[in-house]
Amino acid sequence: MTDLWDGISRAIWMVLSVDANLLEITLRSLQVTLTALIVASAIALPLAAFLSVRRFRLRRSVIALLNALMGLPPVVVGLVVYILLSRSGPLGVLGLLFTPTAMVIAQVIIIVPLIASIAHQSLRDLWAEYHDLLISMNVSQWQKITTLLWDARRALLTAALAGFGRAIGEVGAIMIVGGNIDNATRVLTTAIALETGKGDFALALGLGFVLIALAVLVNLAIHWLGRTEREGRW
Amino acid sequence: MSDMFPLTVTGAETRRRGKILVGPVDLTLEGRGSCVVIGPNGAGKTSLLRLLHGAARLSTGEITWACDVEQAHHDQSFVFQRPVMLRRSVEDNLMYPLRIRKVPKAEARDLAHHWAEKVGLRDMLKRHAPVLSGGEQQKLALARALITQPKLVFLDEPCAALDGRATREIEEILNAVRATGTRLIMTTHNMGQARRLADEVVFMRQGRVHEHASAETFFDAPTSEQAQAFLNGDIVE
């Protein structure tokens with residue numbers, strides 16, 4: 001219990017004193033996660049819309065695969081990305097291992113299936129509603145996709161937020177591909193793991209509370225920007 | 001007369017999971033006035049409209065237009081029994097068919113305002129379309145179908161579930177549209193509406209065109225017993 005109170009007071013103190021180290025780690029966490037979220041959304045949302053409007057032979061298999069990949073173990077993703085980016089790996093020449101870019105790549109792989117699967121549920125329902133109308137208007141495939149994405153944008157925010165939640169709390173993969181290097185690839189989750197390992201539970205808890213606050217704040221900000229609760233528009 | 005017509009349907013049939021929904025249908029439609037498709041439930045009225053519009057797949061037979069089929073589809077629109085509202089404002093719903101045809105935004109907005117005025121939705125332009133009443137949604141769906149100035153409009157029971165006032169407003173719009181030379185092909189269960197709007201009647205039964213005649217001929221002297229029974233309000237299957 002003492003550790004818990006110590007953690008809370010440590011978190012408050014770190015925030016109030018604008019701890020430079022904490023600020024750097026927090027900003028890096030945000031930078032890596034938001035970059036991964038943007039890249040993953042740019043891949044997952046059009047993919048989900050495409051799977052909703054286009055019928056092709058392996059469509060059901062692709063959807064089932066995406067659903068299955070939602071439970072992809074981050075450590076395995078980290079390991080695969082590590083092998084690909086390591087000096088002897090096929091992408092080793094890029095020199096990306098132990099950089100924030102490598103962490104973004106790992107997070108994108110982890111959250112694309114999650115965002116695509118959740119988005120697909122919403123877009124599939126909307127497509128069932130719009131199908132006859134858009135067919136009757138002779139709308140092109142690309143226009144169908146953009147129409148669905150625009151009209152379902154508020155529901156898609158939920159998918160993106162789920163992706164953000166998964167990415168910001170991720171530790172296994174980014175620890176492997178980022179290496180938790182101070183002033184380079186250390187983020188909130190890897191710092192928590194490090195401090196726990198060192199036995200400094202109060203600091204680890206303090207960082208944990210900052211992480212939770214950050215996740216809640218970003219969610220609230222996106223929620224507010226998306227104005228999801230405006231009358232009749234949910 | 002529109003250059004799309006005559007529309008010729010020869011031995012057209014559409015099936016779903018082996019069951020014949022419509023057909024075989026042989027029908028020739030000229031390009032003037034309004035054609036009302038009537039018949040009992042399950043007669044294939046909606047399926048026929050969807051088939052003619054190209055929204056249902058033709059299993060056998062042929063549908064030919066006087067012009068290129070792509071041009072024909074470009075020049076027609078469809079109003080559904082249950083209006084489909086895009087999750088956008090009334091204004092954006094009206095602009096949508098224009099914007100997908102690359103009409104500049106300012107021009108599309110002017111036309112949207114013009115049509116909103118025409119159907120009595122001028123004060124609702126900024127409202128979210130899915131929260132409109134049934135009558136308002138149907139008027140919006142009609143305006144959205146007409147905004148591209150199609151030569152042919154299919155209407156699948158456009159006044160179903162609407163009260164008398166809303167029905168009268170829709171019929172006034174349809175009469176005005178018909179007067180401009182736009183061809184209307186619609187289904188209805190309302191015999192009063194069929195009498196008010198029809199220039200010609202297609203009577204369907206069991207997926208086939210049972211009778212096709214001018215409105216005057218059909219309502220005064222239908223040739224088949226089933227059509228006579230249907231007009232008398234008897235149960236026809």
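## A strand hairpin in chain B

In chain B, strand β8 (residues 200–205) and strand β9 (residues 208–214) run antiparallel to each other and pair over six bridges. Keep in mind that this is a predicted model. To see one of these pairings for yourself, find F203(B): its bridge partner in β9(B) is E211(B).

What lies between the two strands of this hairpin? Two residues separate β8(B) from β9(B), and in this hairpin Q206(B) takes a positive phi near 50°.

## Two helices crossing in chain A

Now let's move to chain A. Two packed helices are described by the angle between their axes and the distance between the axes. For helix α2 (residues 20–53) of chain A and α6(A), the axes come within 9 Å and cross at roughly 120°. The crossing of α2(A) past α6(A) is right-handed.

Which residues make this contact? From α2(A) come L45(A), P46(A), A49(A), F50(A), S52(A) and V53(A), while α6(A) brings Q141(A), K144(A), I145(A), L148(A) and L149(A). Sorted by class, the contact holds eight nonpolar, two polar and one charged residues.

## Where the chains meet

Finally, look at where chain A touches chain B. The contact draws 13 residues from chain A and 15 residues from chain B. On the chain A side, the elements giving two or more residues are α5 (100–136) and α6 (141–151). Of these, α5(A) supplies the largest share, six residues.

How do the residues on the chain A side divide by class? There are five nonpolar, four polar and four charged residues.

Key:
Residues are numbered from 1 along each chain as its sequence is written. Chains are lettered from A and ligands numbered from 1 in the order in which they are written. This is a predicted model: local features need pLDDT of at least 70, side-chain atom pairs count only at pLDDT 80 or more; totals for chains, interfaces and linings use all residues. Two residues are in contact if their C-beta atoms, placed from the backbone, lie within 7 Å. Helices (H or I, at least four residues) and strands (E, at least two) are DSSP runs, numbered from the N terminus. Ala, Val, Leu, Ile, Met, Phe, Trp, Tyr, Cys and Pro count as nonpolar, Asp, Glu, Lys and Arg as charged, and the others, Gly among them, as polar. Axes are lines fitted to C-alpha atoms, for helices over the stretch in contact, and angles run from 0 to 180 degrees between N-to-C directions. A crossing is left-handed if the near helix is turned anticlockwise from the far one by less than a right angle, and right-handed if clockwise. Two strands pair if DSSP finds at least two bridges between them.
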